[in-house]
Amino acid sequence: MKIDKKIITERIKVYITRREVLAVLVVLVFVFSFYSVKAMSLHPHSTYTEKVGQYSQRGVLLHTAILKNNTLYGNTLSREEYPIPLVESFMFTYHYKFVPGDVVRGNYTLTGKVLYTVSKGKDEVVLWQEELFRKEGDLKNGEFMVNFNLNMSTLDNKTAEIIKELGLKRVNRRVIFETNVNVIGVIAGREVKENFKQNMSLIKDSSAGLYYFTNTEERSQRTLTSRITKENYVTKFGITMRASTAKKVFPLLALIFLTPLMGGIYTIRAQVPPRRFKDLEAYIIEGFPGEVRKKVVLASREDLKKAFELVDKPIMHYVDVEDEVYVIVDGEVAYEYRERKAA
């Protein structure tokens with residue numbers, strides 16, 4: 001059976017020019033245009049940071065003083081400050097720990113040294129330094145612990161000798177303990193390399209008559225993160241699709257429904273009869289002229305327009321069987337123009 005394309009085209013024209021169809025098309029174009037604009041503002045992917053692991057390090061220096069004979073504190077004392085005249089020596093315990101320790105290996109160096117310095121304006125000049133001890137080794141389960149002693153009487157005697165040899169009266173003494181730890185391991189699938197350093201000082205404050213320590217605890221903590229890229233999705237009308245797909249689908253649907261809408265509007269406009277008296281429409285009224293003594297028959301629209309410009313009277317319009325009649329009455333004279341009705 002042969003399909004008549006002309007008949008199909010005419011039926012489509014009739015269908016898309018129906019008011020309810022045009023109304024539905026307008027709504028659909030508006031809806032999909034709205035979602036097209038929203039889809040354009042969407043990012044196809046979202047990137048965010050996720051925590052995948054963490055680790056921490058901690059170094060602590062514990063100190064206890066061995067005291068000379070006294071009736072106040074006894075043989076030992078652990079506190080923040082110590083009276084200089086009572087201290088015979090110090091006992092130290094240094095503890096370092098890496099968490100999680102079972103996934104790393106490494107080594108450490110702990111040294112003690114004494115610096116003899118003088119002040120030069122705001123600067124400190126080191127005249128002599130001497131190493132008191134050095135401890136080295138490997139980490140066990142990410143940690144190590146070292147015990148060591150410092151005899152203050154022996155150190156004071158050594159200091160007196162150095163000052164005498166330097167020939168200076170005002171020489172400052174500073175005892176420093178330095179920790180250096182190298183760690184390597186795998187945490188959350190990543191290789192981790194860390195270098196932990198801690199500098200601790202034993203300060204002799206002669207004006208206050210006290211020994212005290214600085215920076216006896218050092219901590220550090222780090223978080224391991226991973227940048228994750230996730231594809232964005234959009235759910236509309238019960239359908240879930242990628243944001244990148246929505247950027248294409250919604251404009252396409254808006255265009256698909258816009259095409260028949262524009263076709264329907266064009267068809268309706270094409271069916272509207274042409275405006276035959278566009279310039280005179282404002283002056284045309286519906287009605288019949290009264291009796292006149294003389295009738296002048298006009299041959300064309302241009303003649304009607306000229307007659308209107310000369311007489312400057314309203315143009316009456318009525319239908320006479322199959323004719324459109326336009327009449328201008330000026331006194332007892334009627335200027336009449338007839339035109340066949342449009343089919």
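User: Which residue in E18 does Lys294 stand opposite?
Analyst: Lys294 stands opposite Val333 there. Strands here are DSSP runs (E, at least two residues; helices are H or I, at least four), numbered from the N terminus. Keep in mind that this is a predicted model: local features need pLDDT of at least 70, side-chain atom pairs count only at pLDDT 80 or more, and totals for chains, interfaces and linings use all residues. Residues are numbered from 1 along each chain as its sequence is written, and side-chain values use heavy atoms, with hydrogens and water left out.

User: Do E15 and E18 run parallel or antiparallel?
Analyst: Parallel, with 5 bridges joining E15 (residues 294-298) to E18 (residues 333-340). Two strands pair if DSSP finds at least two bridges between them. Val296 has Tyr335 in E18 as its bridge partner.

User: What about E17 and E18, how many bridges there?
Analyst: 8, in the antiparallel sense, with E17 covering residues 323-330. Val329 is bridged to Ala334 of E18. The two strands form a hairpin with 2 residues between them, and Gly331 in the turn has a positive phi of about 70°.

User: What's the strand order in the open sheet?
Analyst: E14-E16-E17-E18-E15, 5 strands with mixed pairing. E14 (284-286) and E15 are at the edges with a single partner strand each, so one side of each has no neighbour in the sheet.

User: Switching topic, which strands does H5 lie across?
Analyst: Helix H5 (residues 301-311) lies across E15, E16 (315-320), E17 and E18, at about 25° to E17. Axes are lines fitted to C-alpha atoms, for helices over the stretch in contact, with angles from 0 to 180 degrees between N-to-C directions. Contact means heavy atoms within 4.5 Å.
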